[in-house]
There are 2 protein chains.
Amino acid sequence: MKHAEKRPDRSSPVVGAPAAAPPGRRRGRGPSLRKRQAILGAARELFFQHGYEGTSMDDVAARAGVSKQTVYSHFVDKSRLFSALVTADIAGSETSAHPLIEAMPNSEDVERDLRTFARAHLEDVMQPDLLRMRRMLIGEAERFPELAKAWYDAGPVRSCAVFASWFEALDERGLLRVPDPMLAAQHFNWLVLSIPVNAAMSVPDAAPLYTKRELQYFADEGVRVFLAAYGPDAGS
Amino acid sequence: MKHAEKRPDRSSPVVGAPAAAPPGRRRGRGPSLRKRQAILGAARELFFQHGYEGTSMDDVAARAGVSKQTVYSHFVDKSRLFSALVTADIAGSETSAHPLIEAMPNSEDVERDLRTFARAHLEDVMQPDLLRMRRMLIGEAERFPELAKAWYDAGPVRSCAVFASWFEALDERGLLRVPDPMLAAQHFNWLVLSIPVNAAMSVPDAAPLYTKRELQYFADEGVRVFLAAYGPDAGS
């Protein structure tokens with residue numbers, strides 16, 4: 001979203017502009033940025049549907065309504081187009097910061113706040129496009145190890161680092177008993193996410209079948225198990 | 001492994017037999033079965049390396065050292081070859097039955113037995129070829145929903161059904177407190193598996209980096225958290 005306020009410096013009508021970006025909705029840096037977004041949008045759909053190997057630059061150009069040359073001039077080759085897509089998604093996911101991320105170490109009601117956060121966290125991770133991206137990156141992890149790792153670092157690794165810092169602070173305040181904050185962070189993360197996320201990895205159709213209420217149940221029960229093991233009265 | 005004792009009914013030397021099945025190691029039903037195994041072995045390697053879309057029947061024939069016609073006569077088309085491979089792996093995984101699967105409901109030391117089982121379960125799931133298959137099926141889940149679901153049913157779903165039956169029996173004996181056996185089964189399964197399995201999904205190189213001792217630690221800590229929530233003294 002950098003430079004979102006910047007006015008387009010070229011105002012001539014765009015020939016062959018994709019339907020998704022009509023002249024009336026111009027934003028960003030004008031035709032070039034719009035074409036870039038159209039290419040990324042088309043690439044996302046095609047990669048999701050046909051996988052990396054099953055998608056060609058020709059397909060992307062046709063779907064985006066631009067010339068093949070335009071695709072190459074923006075992204076050089078297919079692997080860089082794929083990288084750009086994943087990187088854009090990672091950057092996008094970093095904006096979804098929950099207010100409790102900052103507030104948790106000073107929580108006055110740890111159970112309530114962990115529950116509130118867990119529900120939001122699970123709902124975030126269960127977004128259909130993020131699940132599709134997660135599936136695709138897992139499938140491509142051997143061919144694109146840096147991308148899969150970047151995604152993993154921006155997801156579970158980053159989240160768990162935050163959770164570990166919470167749990168350390170809450171342990172110091174005597175509100176939790178957490179001898180190994182990073183282990184506790186990983187237990188928390190996967191207690192909340194594992195059941196529906198793993199189902200969604202193998203059974204794509206299962207994800208939309210979960211109701212908001214069911215996801216809340218998984219989040220709440222994950223927090224319950226976590227607090228049994230790491231609450232102030234835990235035996236560990 | 002059916003008919004493993006049956007002698008080959010054709011003993012003439014095989015022209016163009018793959019290096020993996022020299023005449024001295026003949027087993028099963030002779031040249032036809034050997035070729036089938038060679039094709040499946042080649043397909044496994046190629047699918048793992050290049051994905052489903054990146055692998056052709058020509059590649060498989062060349063790698064297996066057989067004609068393309070032989071590949072088609074055994075497997076009809078690429079999607080059926082892929083199905084046969086996954087189905088064979090699922091059937092293979094069903095033989096890895098741990099003695100505690102039967103014995104757990106009558107356990108005299110639930111903590112010890114859960115720990116022993118959890119360590120074996122995690123080691124099973126972390127086998128490199130199973131992790132690769134898991135990654136590939138997740139990546140192909142939208143295109144092969146039946147296969148991905150068959151794999152998921154033969155893995156987590158089947159395991160959790162077994163665990164739920166244990167926990168129900170142990171609850172009746174007063175050794176655990178498990179109001180919802182299927183939820184407890186899923187918590188147990190993912191408490192033991194999630195940390196290293198999720199790392200291995202996104203960071204293939206991470207899997208071999210875990211020592212046996214580290215995997216045991218994850219298994220033991222998963223059991224500890226589980227028992228804090230579901231042990232006989234748990235507050236739930």
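Colleague: Where in chain A is the place of A:Val76?

Modeller: This is a predicted model. A:Val76 has a positive phi of about 65°, although the residue is not a glycine. A:Val76 sits in the loop between α3 (68–75) and α4 of chain A.

Colleague: What rotation superposes chain B on chain A?

Modeller: Two copies of a chain are related by a rotation about an axis and a shift along it. Here the shift along the axis is 0.0 Å and the RMSD is 0.1 Å. The two copies are thus related as by a two-fold rotation axis. The rotation is 180°.

Colleague: Which residue of chain B comes closest to the rotation axis?

Modeller: The distance is taken at the C-alpha, and it is 1.9 Å. The residue is B:Gly139.

Colleague: How many residues does the contact take from chain B?

Modeller: Chain A gives 39 residues to the contact. The same surface serves both copies, with 100% of the contact residues of chain B recurring in chain A. From chain B the contact takes 39 residues.

Colleague: Which helix gives the most to the side of chain B that touches chain A?

Modeller: On that side, α7 (128–139), α8 (145–172), α9 (181–202) and α10 (212–230) of chain B each supply at least two residues. By class, the side has 20 nonpolar, 11 polar and 8 charged residues. With 10 residues, the one that gives the most is α9(B).

Colleague: Which residues of chain B does A:Pro145 touch?

Modeller: A:Pro145 lies in helix α8 (residues 145–172) of chain A. A:Pro145 is partly exposed, with 14 other C-beta atoms within 10 Å. Leaving out residues up to four places away in sequence, A:Pro145 touches B:Pro204 and B:Asp205.

Colleague: Does A:Pro156 count as buried or exposed?

Modeller: A:Pro156 is also placed in helix α8 of chain A. Not counting residues up to four places away in sequence, A:Pro156 touches A:Asn189 and B:Asn198. The cut-off for burial is 20 or more other C-beta atoms within 10 Å. A:Pro156 has 22 C-beta neighbours inside 10 Å, so A:Pro156 counts as buried.

Colleague: Which residues touch the most other members of the largest nonpolar core?

Modeller: That core has 120 residues. Take A:Leu137: beyond four places in sequence, A:Leu137 touches A:Val86, A:Leu147, A:Ala148, A:Trp151 and B:Ser202. The residues that touch the most other members are A:Ile39, A:Leu137, B:Ile39 and B:Leu137.

Colleague: How many helices are there in chain A?

Modeller: From the N terminus on, the elements run α-α-α-α-α-α-α-α-α-α. There are 0 strands in chain A, and the number of helices is 10.

Colleague: What distance separates the centres of domain 1 and domain 2 of chain A?

Modeller: The domain assignment gives domain 1 (26–81) and domain 2 (96–230) of chain A. The contact takes 4 residues from domain 1 and 4 residues from domain 2 of chain A. On the domain 1 side, 3 are nonpolar, 1 is polar and none is charged. Over C-alpha atoms, the centres are separated by 32 Å.

Colleague: Where in chain A does pLDDT stay under 50?

Modeller: Chain A averages a pLDDT of 85, and 84% of the residues score at least 70. Where pLDDT is low, the predicted coordinates should not be read in detail. The model has 27 contacts beyond four places in sequence for the stretch in question, residues 1–28 of chain A.

Colleague: Which element of chain A has the highest mean pLDDT?

Modeller: Helix α4 (residues 78–93) of chain A has the lowest mean, 84. The highest mean is 97, in helix α10 (residues 212–230) of chain A.

Colleague: What ipTM does the model score?

Modeller: The pTM is 0.81. The ipTM is 0.81.

How values were computed:
Residues are numbered from 1 along each chain as its sequence is written. Chains are lettered from A and ligands numbered from 1 in the order in which they are written. This is a predicted model: local features need pLDDT of at least 70, side-chain atom pairs count only at pLDDT 80 or more; totals for chains, interfaces and linings use all residues. Two residues are in contact if their C-beta atoms, placed from the backbone, lie within 7 Å. Helices (H or I, at least four residues) and strands (E, at least two) are DSSP runs, numbered from the N terminus. Ala, Val, Leu, Ile, Met, Phe, Trp, Tyr, Cys and Pro count as nonpolar, Asp, Glu, Lys and Arg as charged, and the others, Gly among them, as polar. Domain bounds come from an automatic or database domain assignment. Copies are superposed by least squares on the C-alpha atoms of residues with pLDDT of at least 70 in both. A nonpolar core is a set of buried Ala, Val, Leu, Ile, Met, Phe, Trp, Tyr and Cys residues joined through C-beta atoms within 7 Å. A residue is buried if 20 or more other C-beta atoms lie within 10 Å of its own, exposed if 12 or fewer, and partly exposed in between; C-beta atoms are placed from the backbone. pLDDT is the predictor's confidence in each residue, from 0 to 100.
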